[in-house]
Amino acid sequence: MMARRSAPGPLEYLRRWPLRLWLAAVGIFLYAPLIALMVFSFNDSRRNVVWQGFTFKYYEKALNNASLIEAFVNSLTIAAVSTVLSLILGALAALALWRFRFPGKTGFDGALALPIVAPEICLGVAMLVFFAKVLPWPQDLPWPLNLGAIIIAHVSFCFPFVAVVVRGRLASFNRELEEAARDLGASEWRTLKDVILPHMAPSLVAGAFLAFTLSLDDFVITFFTSGPDTVTFPVKVYSMVRFSVTPEVNAASTILILVTVILTAAALKLQGDPASTEGGHAARDRNPKRH
Amino acid sequence: MEQHWKSAKGLFGAVLGPPLFWLVLFFLIPMGIVWLYSFGENRGLTDIALTGTFANYLRALDPLYLMIFAKSVGIAALTTLICLIIGFPVALAITFAPPKAKTWLLLAVMLPFWTNLLIRTYALIAFLRTEGYINQSLEWVWNGLGSAVSVLGIGVLGPFEPLDLLHNNFAVVLGLVYVHLPFMVLPLYSALDRLDTSLIEASLDLGAGHLRTLLIIVAPLALPGIASGVVITFIPALGSYLTPDLLGGPDSQMIANIIERQFKRANDWPFGAALSFLLMYMTFIAIALQALMSRRPRERA
């Protein structure tokens, strides 16, 4: 408390004004567009930046726009299903790499990193070609089966991220616990279920959050896999933005931003354990893909 | 110790099987097909004959496409440089912030990162376009100035000319910096956070200024982190599709836009496949360079 009044220490860079100014400027740069977007979704004027009064009418319009709602529901459905599949596949891949020695392990490890580092456009065209030539996805399937191609594409780039996060967590597992469980008569499966899985839990939360946001965020890969009747929210917004900038898009975007913020808060609360958060950061750090 | 797979075949198969199956069928095979197509030729409207030709790669050497490659690399490099200049002080401030402020600052850096890319790009469009927030604000200031000028009788200010902020290379670089800044800050932070602060303190005690300490002590020690930040920013910037598409003008096309055109409009899949594998190889080269950069300091130690 005393230190607060003294001159800043040599390494307290945060207390030096040039750096504070810099941080403030960067903060404005990062947040001003998003905040302006949210604020003007409530402005009672189509074109003006001058505040004309508070209104919910663009939310009403957005919520009555059937194709926008359909795209929104599609996006959430795809993200939810992709997250579950990615979580299972990612956790299994992490377990395999952590637990076993096997021929071709380096190759599998390297191949698993490919979807993370490959440029999104390359993945997108690969999926386009695959679903055009190898596995043509039927056009007129009932919902949600018509989303299958997009879900498959999303799982392909999401589950390696989950594997990275879970593997980071498994590295801190004390293998003596497993040996103790085995000595006490637990089977392989039982040990996996009752000893290793609880240890993995925080990283599963982090991985699920990562997979969900990656899937919800994706535009390029979806753009290449989606048909005319399987539009997701980003693809819909893209086609709207191409024509004009309208407050309805502001309103819809605000809703999605709020969903993201709530999810982030929930994920941070659920994780609690800092070790798993680190895994999450490491994975995001490793995410050199994305646009 | 890791277990040999033969000692628990059932468990091993159950654990490795599904992810391996998925990775091969839904990633490696699609990629492999694109790779094969890059050596193919169009036959008719939909058929592609795999003739083992290198013509698609040779076509990429056409000055028109070479220029686009060069321009994409230039834009990505400029984006990376600006991100580094903006991001380094931010990472430094976060590293030496008190624990509570640190958590919030990190969260503040990451939150836009988790926000939908399309929404962020759209937010920028709303700012930059001709009737956007910036031009409308400027017009308001201009009109205010204009009436002040005419009241004072100095002269008459002409009508407001909106600035062309959107649909040019400036907007593309701005958009890329906006989107990729967190990619730079996070690895820089994790490198700086691991730094031995006593070295910095020693340098400061011995009379070196802050700038000198940064350049001579901090920057070399944080080099692996800087290298990974640079690569993590450069790779997605190089392959970006959405930002040049929405913010750029007709002359700001990047590699990804050309690839998209081959697949969706020009319907020249073999050429598009060759272009996307060239982009893949450039990505691998960038990663290999980073691996080299981050290994060197460890070898010296």
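Predicted model: local features only at pLDDT ≥ 70, side-chain atom pairs only at ≥ 80, totals over all residues.
Local features are given where pLDDT is at least 70 and side-chain atom pairs count only at 80 or more, whereas totals for chains, interfaces and linings use all residues. Residues are numbered from 1 along each chain as its sequence is written, and chains are lettered from A and ligands numbered from 1 in the order in which they are written.

**View 1. Chain B in contact with chain A.** Here 82 residues of chain B touch 73 residues of chain A; a contact means that the C-beta atoms of two residues, placed from the backbone, lie within 7 Å. Helix α1 of chain B (residues 9–37) supplies the largest share of chain B's side, 18 residues. Helices (H or I, at least four residues) and strands (E, at least two) are DSSP runs, numbered from the N terminus. By class, chain B's side has 62 nonpolar, 14 polar and 6 charged residues. Ala, Val, Leu, Ile, Met, Phe, Trp, Tyr, Cys and Pro count as nonpolar, Asp, Glu, Lys and Arg as charged, and the others, Gly among them, as polar.

**View 2. A strand pair between the chains.** Strand β1 of chain A (residues 100–101) runs parallel to strand β1 of chain B (residues 3–4), and 2 bridges join them. Strands pair if DSSP finds at least two bridges between them. Opposite A:Phe100 stands B:Gln3.

**View 3. A hairpin in chain B.** Strands β2 (residues 40–43) and β3 (residues 47–50) of chain B are antiparallel and joined by 4 bridges. B:Gly40 has B:Leu50 as its bridge partner. Between the two strands lie 3 residues, and B:Gly44 in the turn has a positive phi of about 70 degrees.

**View 4. Helices α4 and α6 of chain A.** Helix α4 (residues 105–117) packs against helix α6 (residues 148–170) at an angle of about 115 degrees, with the axes 8 Å apart. Axes are lines fitted to C-alpha atoms, for helices over the stretch in contact, and angles run from 0 to 180 degrees between N-to-C directions. Residues in this contact include A:Leu112 and A:Ile116 of α4 and A:Phe157 and A:Phe161 of α6. By class, the contact has 8 nonpolar, 1 polar and no charged residues.

**View 5. A:Asp183 in helix α7 of chain A.** This helix spans residues 175–183. A:Asp183 is exposed because 9 other C-beta atoms lie within 10 Å; exposed means 12 or fewer, buried 20 or more, and partly exposed in between, with C-beta atoms placed from the backbone. The C-alpha atoms of A:Asp183 and A:Leu214 are separated by 41 Å.
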